[in-house]
Amino acid sequence: MSGSSETPETLPSQFSNSINLHPALSSYYPITLKFIDVRYRVKDERSKKSRTCSIRNIFTVNCESHDDDIEAPSTMTGNNSTPTHQQVEERDIEREREREGRTILNGITGMVSPGEMLAVLGPSGSGKSTLLNAIAGRLHNNHQITGTVLANNKKLTKPVLKRTGFVPQEDVLYPHLTVRETLIFCALLRLPNAISKQEKLSMVDKVIYELGLEKCEDTVVGNGTFIRGVSGGERKRVSIAHEMLINPSLLILDEPTSGLDSTAAYRMVSTLGVLAHQKGKTVVTSVHQPSSRVYQMFDSVLVLSEGSCLYFGKANEAMSYFDSLGFSPTFPMNPADFLLDLANGTLL
Ligand SMILES: Nc1ncnc2c1ncn2[C@@H]1O[C@H](COP(=O)(O)OP(=O)(O)OP(=O)(O)O)[C@@H](O)[C@H]1O
């Protein structure tokens, strides 16, 4: 399958199960996503002290005395003493660090093709969400992000972004609407005017069927706390259905299995597998702690550790790769657990 063309193509035969959509959305538009040497830094919060001190002032001490603390550390001896050579060096290092900021992503490179599912694995805080936001073109602070993100070998363009569905970690849904109302509302807002209301409603029906939401279509979405509604897994499916309505070629999901039990997580990833393997979509998802049966559904994995890439390649080759480097588990274990142990630096 070629992913190098910018123009929509007809659906290849291996993805023939795709639902029949309105011509305004039906063209098959395969997206091959490449990200090359993606780096993202943020300014150290301490360097913003002068800007935020007036706010901090309200709650704590006055800002002048706070800044003085930095300029004259308590380790100095006496009021008139000059700083030692070591103290000057430490202060210079601190200032350099403030100027450079904190590296969140450190040169991440990878790719994913249509019909494939890429999993981004890593411990909490390793940069998974940041990477997903970067490759979805959602980090707009351009001076902090460098590297290249290409769709079909071209920079992200509007047609590509229109064909990209992004499911955030926290569901952004109206808790008082039912599942069906939520999707109708979305269809009326997001689908082009060229599509009639009747057609939009039938597309909602198809997406409800596709995501297995028939049972709960008339239940309110809720928010999991004060407003009781559908289950966590169903709410996640609604979020995915929300994106599926625009028939995305590229679907990016941030931890769609978080909060789900092992069986629900398996069902969720199976659904994503169908979207990739049967419908030809390009799927990128972050996952926190996949079980082994979930792991084996991924085509490729990217393992992050503190913003750096430990491994990018085929999911079923990760273990032999680390084995060749001398890292292997002492007993048979879930590859995902092993990779997370490696990324955490806690391999036993
Ligand atoms: N704009 C920002 N300013 C400061 N720090 C940031 C910013 N964005 C991300 N970070 C930091 O970068 C690190 C990675 O964050 P990110 O949300 O990408 O991690 P994650 O792997 O998705 O974590 P989790 O699995 O817990 O969701 C975190 O330590 C976070 O605090």
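Student: In which sense do strand E3 and strand E8 pair, and over how many bridges?

Tutor: Good place to begin, and keep in mind that this is a predicted model. E3 (residues 117–121) and E8 (residues 282–287) are paired in the parallel sense, over five bridges. Within that pairing, Ala-119 stands opposite Thr-285 in E8.

Student: Which helix packs on that sheet, touching E3, E9 and E10?

Tutor: That's helix H13, residues 335–344. Its direction makes about 30° with that of E9. Helix H5 also lies across strands here, namely E3, strand E7 (250–254), E8 and strand E9 (300–305), and it runs at about 160° to E8.

Student: What's the strand order in the six-stranded sheet?

Tutor: The order is E6-E7-E8-E3-E9-E10, in an open sheet with mixed pairing. Strand E6 (164–167) and E10 are the edge strands; each has a single partner, so one side of each is left without a neighbour in the sheet. From one strand to the next, the twist averages 15°.

Student: Let's look at E10. Where is Lys-314 found?

Tutor: Lys-314 is in strand E10, which covers residues 308–314.

Student: And why does Lys-314 count as partly exposed?

Tutor: Because Lys-314 has 13 C-beta neighbours inside 10 Å. The exposed class stops at 12 or fewer and the buried class starts at 20 or more, so a count in between is called partly exposed.

Student: What does Lys-314 touch, leaving out residues up to four places away in sequence?

Tutor: Asp-299 and Ser-300. As for Leu-302, which is twelve residues from Lys-314 along the chain, the two C-alpha atoms are separated by 8.9 Å.

Student: How many bridges join E1 to E2?

Tutor: Eight, with E1 (residues 33–42) and E2 running antiparallel.

Student: H5 keeps coming up. Is it mostly covered or mostly open?

Tutor: Mostly covered, with six of its eight residues buried. They are Lys-128, Thr-130, Leu-131, Leu-132, Ala-134 and Ile-135. After H5 comes Gly-137, whose phi is positive, near 70°.

Student: Now the ligand. Which residues are around it?

Tutor: Val-42, Ile-104, Gly-122, Ser-124, Gly-125, Ser-126, Gly-127, Lys-128, Ser-129, Thr-130 and His-288. H5 gives the most to that shell, with three residues.

Student: How does the shell split by class?

Tutor: There are two nonpolar, eight polar and one charged residues.

Student: Last one: how many helices and strands does the protein chain have?

Tutor: It comes to 13 helices and ten strands. Of the chain's 348 residues, 33% count as buried. Among contacts between residues at least 6 apart in sequence, 75% join residues at least 24 apart.

How values were computed:
Residues numbered from 1 in each chain as written. Predicted model: local features only at pLDDT ≥ 70, side-chain atom pairs only at ≥ 80, totals over all residues. Pairing = 2+ DSSP bridges. Helix = DSSP H or I, 4+ residues; strand = E, 2+ residues; numbered from the N terminus. Near = placed C-beta within 6 Å. Nonpolar A, V, L, I, M, F, W, Y, C, P; charged D, E, K, R; others polar. Contact = placed C-beta atoms within 7 Å. Axes fitted to C-alpha atoms, helices over the stretch in contact; angles between N-to-C directions.
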